[in-house]
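Hi,

Here is the structure I promised to pass on.

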Amino acid sequence: MTTDALSFRDPDRADRLRDRLERLVAAVDGDVRVMHVCGSHEEAIAEFGIRSVLPDGLTVAMGPGCPVCVTDRPEVDEAVALAEAGHVVATYGDMIRVPGTEKSLAAARDAGADVRTVYSASEAADIARETDREVVFFATGFETTAAPTAAVLREGPPANFSVLSAHKYVPPAMDVVADHPDTRIDGFLAAGHAATVTGTDVFESVVERHDLPVVVAGFEPLDVLAALVFLLEDLRDGEATVTNAYPRCVADAGNERARTALWEVFERVPGEWRGIAQVPDASLRIREPYAEYDARRRFEIETPADDGRGSDCICGEIMAGRAAPRDCPLFGEACTPRSPVGACMVSDEGPCRIQHAYGGDRRP
Amino acid sequence: MTDRTVTLAHGAGTERTRELLADLVVDRFGDAPADPAGVGLAALDDGAVLPTDDGAVVITTDSHVVDPPSFPGGDVGRLAACGTINDLAAMGATDPLGLSSAVVVEAGTPVDRVDAYLDSMAAVCDRVGCPVRTGDTKVVRDGEVDEVVVTTTGVARIERGAHLPAAGLSPGDRLVVSGPVGDHGVALLAAREDFEFASPLTSDVAPVAHLVAAAREVGRVTAATDPTRGGFATAVNELADAADLGLVVEERAVPVADATAGAAEVLGIDPLTVACEGRIVLGVAPEDAERVRDRLRDEPGGADARIVGRAVADHPGEVVLDTGVGERYLPVPTGETLPRIC
């Protein structure tokens with residue numbers, strides 16, 4: 001492997017950061033609750049057992065940071081309906097096993113539908129180039145995957161290609177979570193990779209609106225610990241600011257070309273996020289000039305009525321940062337990676353899947 | 001009657017494998033041996049110990065299917081010989097009497113290929129001094145197996161009570177691993193998927209009997225297991241489970257080859273959860289641990305031996321992984337990480 005200095009995993013540095021966190025938590029004299037909004041942060045925290053060494057009085061919870069998990073059930077139903085109507089549906093691997101109202105894409109595939117796993121929007125467009133059938137790309141994810149979807153549409157994909165957009169934009173969801181009366185948050189860790197597209201300025205409005213510090217963080221254990229130090233320093237000083245703690249990848253202005261593509265193709269509209277309910281302007285819809293590629297406008301999609309079916313799955317509560325995977329009665333018993341009940345156990349970015357894979361932090 | 005079917009995940013050496021064994025096999029054949037010095041099926045150890053009047057016989061058997069049958073660092077013949085010799089060694093039987101070998105071949109397989117696999121098997125047997133004494137060959141129709149299935153059985157004689165039970169650890173015992181983990185599983189996955197990495201990935205498949213023998217010469221070895229299916233993570237969980245003790249593993253002490261670590265990161269798998277075929281994990285009395293490690297380092301295949309953890313009375317049955325940054329539990333991998341690699 002690379003050296004410790006390059007891999008941001010050095011135990012001595014981690015110890016020093018931990019000591020600083022301990023002093024800072026004592027200085028703010030409180031019970032500090034930090035929310036991160038990214039499955040990759042959750043994975044770093046779980047893989048390295050970071051929660052086991054956080055000082056008493058500092059809690060780090062995961063918020064709506066798993067794109068597969070926040071994809072709403074009716075969106076899955078639309079993809080299933082298109083697959084069952086005989087079209088080729090291409091999507092990211094994680095989405096295939098997420099349960100819809102009646103079935104998942106995997107179940108549709110088992111029953112004969114043509115559902116393909118792809119690694120990118122351009123791969124889905126390539127499938128369309130090799131067939132006369134309609135190919136629908138079920139597009140999920142945040143800014144990091146929405147920008148590449150936009151790029152494919154701008155390049156003029158084949159006429160038999162369309163996009164079923166479930167893309168979402170994170171900053172407004174942070175607002176919704178911060179506003180929620182049942183969720184107490186003292187600061188956010190923002191996802192470093194999404195910020196490579198959006199830049200850091202986008203978080204200024206979150207800071208202003210809620211008077212909460214936001215730190216853009218990377219994904220190695222030292223990145224996470226250092227970002228927490230910055231966040232607590234802000235809290236100690238009573239300052240709410242945006243800090244870029246991941247400058248080796250993130251420019252404050254973000255990636256201009258990716259952003260141009262993103263907003264030329266997509267507009268923000270109200271939409272449902274699983275668990276967080278309606279977010280006013282955080283679902284990405286394809287704009288008018290690209291309407292011919294919008295699967296919702298190309299096809300009549302009939303989906304089953306949401307039966308509001310009761311389940312003990314608390315994925316929604318977890319996504320909103322109000323519960324942890326081990327609070328769920330199904331966790332590890334009725335719900336496991338091999339027979340998941342909720343999306344949080346399906347996706348590699350899902351907090352339940354991550355807890356399960358990494359065994360959980362050592363409990364005292 | 002149930003409508004359940006066997007899935008690939010049942011064969012991945014994980015929790016599901018244990019469930020299937022418990023359901024189908026242990027219920028039927030799991031009666032404890034009459035002689036307390038014996039080890040039977042219910043122990044789910046690496047082999048059985050059958051006490052005799054003047055000692056004990058150790059016996060173990062294993063079927064080997066691997067995709068691809070020939071891979072960087074070895075082939076199914078070498079794997080079949082090493083797998084069984086190593087299971088005997090993990091029981092403390094380091095001087096096997098001989099092997100049996102049953103080969104099922106798919107019609108249409110070039111004879112040269114089978115010849116090459118048997119050459120590989122013979123080379124290992126010569127080195128260990130463990131000849132193949134009996135065998136069987138069957139040919140099945142095209143498509144009924146994927147080229148070849150090799151089943152080997154090994155027999156050894158040991159002194160009464162000299163076997164190494166999986167449950168032998170005591171609090172304070174150190175865990176010693178004989179070399180880098182995960183090489184076999186990662187090399188196989190890369191070969192199967194045709195991934196090419198800048199650094200060559202090579203399976204570690206090799207006999208470990210001499211390592212176990214060398215360790216026992218210089219120190220008190222209390223437990224042993226070879227981390228094959230399910231890898232190091234499964235092996236240490238089995239040791240913790242069998243002894244009903246906790247284990248603490250220092251993740252940074254567990255050796256992982258640079259090439260394997262890099263490829264595993266790219267493939268999104270944890271090298272601790274994939275198979276080794278030329279390593280042994282030993283429980284060693286604390287005062288002897290450094291001596292055993294140093295002795296292993298003098299042996300072929302033991303150059304990177306390390307002390308990687310210790311047994312504790314806390315958290316019985318669970319393995320705590322100290323990552324250098326924090327601590328978490330190291331679970332047995334669930335489901336099908338890598339099918340058919342051993």
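**Where the chains meet**

Let's start with the contact between the two chains: 16 residues of chain B are in contact with 19 residues of chain A. Keep in mind that this is a predicted model. On the chain B side, the elements that give two or more residues are α7 (258–267) and β14 (327–329) of chain B. Sorted by class, that side of chain B has seven nonpolar residues, six polar ones and three charged ones.

**Inside chain A**

Chain A itself splits into domain 1 (1–311) and domain 2 (315–357). The C-alpha centres of these two domains of chain A lie 17 Å apart. As for how they touch, 27 residues of domain 1 of chain A are in contact with 19 residues of domain 2 of chain A.

Which elements give two or more residues to the domain 1 side of that contact in chain A? They are α3 (39–47), β2 (58–62) and α4 (67–70) of chain A. The largest share comes from α3(A), with five residues. By class, the domain 1 side that touches domain 2 of chain A is made up of 13 nonpolar, eight polar and six charged residues.

**One annotation in chain B**

Back in chain B, an unreviewed UniProt entry carries the annotation "domain: PurM-like C-terminal" for residues 171–320 of chain B. Over that stretch, chain B is 35% helix and 18% strand. The end C-alpha atoms of residues 171–320 of chain B are 14 Å apart.

Cheers

Notes:
Residues are numbered from 1 along each chain as its sequence is written. Chains are lettered from A and ligands numbered from 1 in the order in which they are written. This is a predicted model: local features need pLDDT of at least 70, side-chain atom pairs count only at pLDDT 80 or more; totals for chains, interfaces and linings use all residues. Domain bounds come from an automatic or database domain assignment. Two residues are in contact if their C-beta atoms, placed from the backbone, lie within 7 Å. Helices (H or I, at least four residues) and strands (E, at least two) are DSSP runs, numbered from the N terminus. Ala, Val, Leu, Ile, Met, Phe, Trp, Tyr, Cys and Pro count as nonpolar, Asp, Glu, Lys and Arg as charged, and the others, Gly among them, as polar. UniProt positions are given in the numbering used here, feature names are shortened, and annotations may be inferred rather than shown by experiment.
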